[in-house]
Amino acid sequence: AEISGPADELVALLPLECVELIQNSFAELLGVMVVVTNMDGHPITRPSNACGLFEAISEEPQALEKCLESWQAMGQAIEIEPKFSQTHLGLLCTRALIRVGHELKGMVVAGCVAADEWPPSEEEIEEMAQELGVPTQLVESHLEDVYTLSDDQRARVLAYIQRIANIVAHIVNERQVLVGRLAAIANLTEM
């Protein structure tokens with residue numbers, strides 16, 4: 001399924017190929033899925049290092065919409081510091097905010113991490129499948145295709161996720177300055 005959302009300033013200013021290379025490296029290093037979204041939870045980049053469960057369910061539009069809803073809720077959360085929370089899939093996910101100037105423009109989301117109580121019970125699997133609009137067998141066949149992290153590994157993800165967001169924010173800030181300079185030059189040449 002194609003992941004897309006509304007165009008916004010962050011999309012316009014991000015060199016997507018560059019950001020995805022950085023994102024891919026951190027996702028592999030940390031052993032999690034990483035994606036950059038706007039504040040409404042709409043992905044700007046393609047997910048890096050997605051787990052098999054996410055890949056399987058994201059092929060279904062209703063299931064993908066549930067993921068976007070959970071990312072949107074993360075953008076509305078009051079907490080500033082990254083922390084893990086449980087998603088509709090029963091997996092753990094965290095986010096760090098991308099600040100551009102004085103505004104929050106997006107998030108770096110890391111997830112596909114098995115919760116302490118993983119795998120879910122048969123009843124939970126059936127409820128999950130029904131909510132996602134996918135066959136129970138699809139969920140069951142991918143329960144082991146998630147990332148299991150130790151407490152130290154989880155702490156490392158939380159320590160680095162804001163660093164990743166800061167790198168993205170730095171890239172956006174640099175691009176804003178460059179676009180401003182180019183606009184000023186264009187204005188001078190039109191006089």
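**A helix residue, then the sheet**

Start with R175, which lies in helix α7. One caution before we go on: this is a predicted model.

Is R175 buried, exposed or partly exposed? Its relative accessibility is 32%. Buried would need under 20%, and exposed over 50%. So R175 counts as partly exposed.

What does R175 touch, leaving aside residues up to four places away in sequence? The contacts are L13 and P15. Take P15. In sequence, P15 and R175 are 160 residues apart. In space, their C-alpha atoms are 8.7 Å apart.

Stay on helix α7. The helix covers residues 151-190. L182 also has its place there. Together with L178 and I185, L182 forms a nonpolar patch on the surface. The accessible area of these three residues together is about 280 Å².

Where does helix α7 lie? It lies across β1, β3 and β4. Against β3, its angle is about 30 degrees.

That takes us to the sheet. Four strands build it, and the sheet is open. Read the order as β1-β4-β3-β2, with antiparallel pairing. Which strands stand at the edges? They are β1, residues 33-38, and β2, residues 85-86. Each has a single partner strand, so one side of each is left without a neighbour in the sheet.

Now β3, residues 91-100. How many of its residues are buried? The count is 9 of 10, so strand β3 is mostly covered.

Look at the β2 side of β3. The two strands run antiparallel, joined by 2 bridges. β2 and β3 form a hairpin, with 4 residues between them. In that turn, G90 has a positive phi of about 85 degrees.

Over to the β4 side. Here 9 bridges join β3 to β4, again antiparallel. A96 stands opposite V108 in β4. This pair of strands also makes a hairpin, with 2 residues between them. The turn holds G101, whose phi is positive, at about 65 degrees.

Over to you for questions.

Terms used:
Residues are numbered from 1 along each chain as its sequence is written. This is a predicted model: local features need pLDDT of at least 70, side-chain atom pairs count only at pLDDT 80 or more; totals for chains, interfaces and linings use all residues. Side-chain values use heavy atoms; hydrogens and water are left out. Two strands pair if DSSP finds at least two bridges between them. Contact means heavy atoms within 4.5 Å. Axes are lines fitted to C-alpha atoms, for helices over the stretch in contact, and angles run from 0 to 180 degrees between N-to-C directions. Patches are made of residues with over 30% relative accessible area and no salt bridge: like charges are joined within 9 Å, nonpolar side chains (Val, Leu, Ile, Met, Phe, Trp, Tyr) within 5 Å. Accessible areas come from the Shrake-Rupley method with a 1.4 Å probe; for residues, only the protein chains shown count as cover. A salt bridge is a side-chain nitrogen of Lys or Arg within 4 Å of a carboxyl oxygen of Asp or Glu. Buried means under 20% relative accessible area, exposed over 50%, partly exposed in between (1.4 Å probe, protein chains only).
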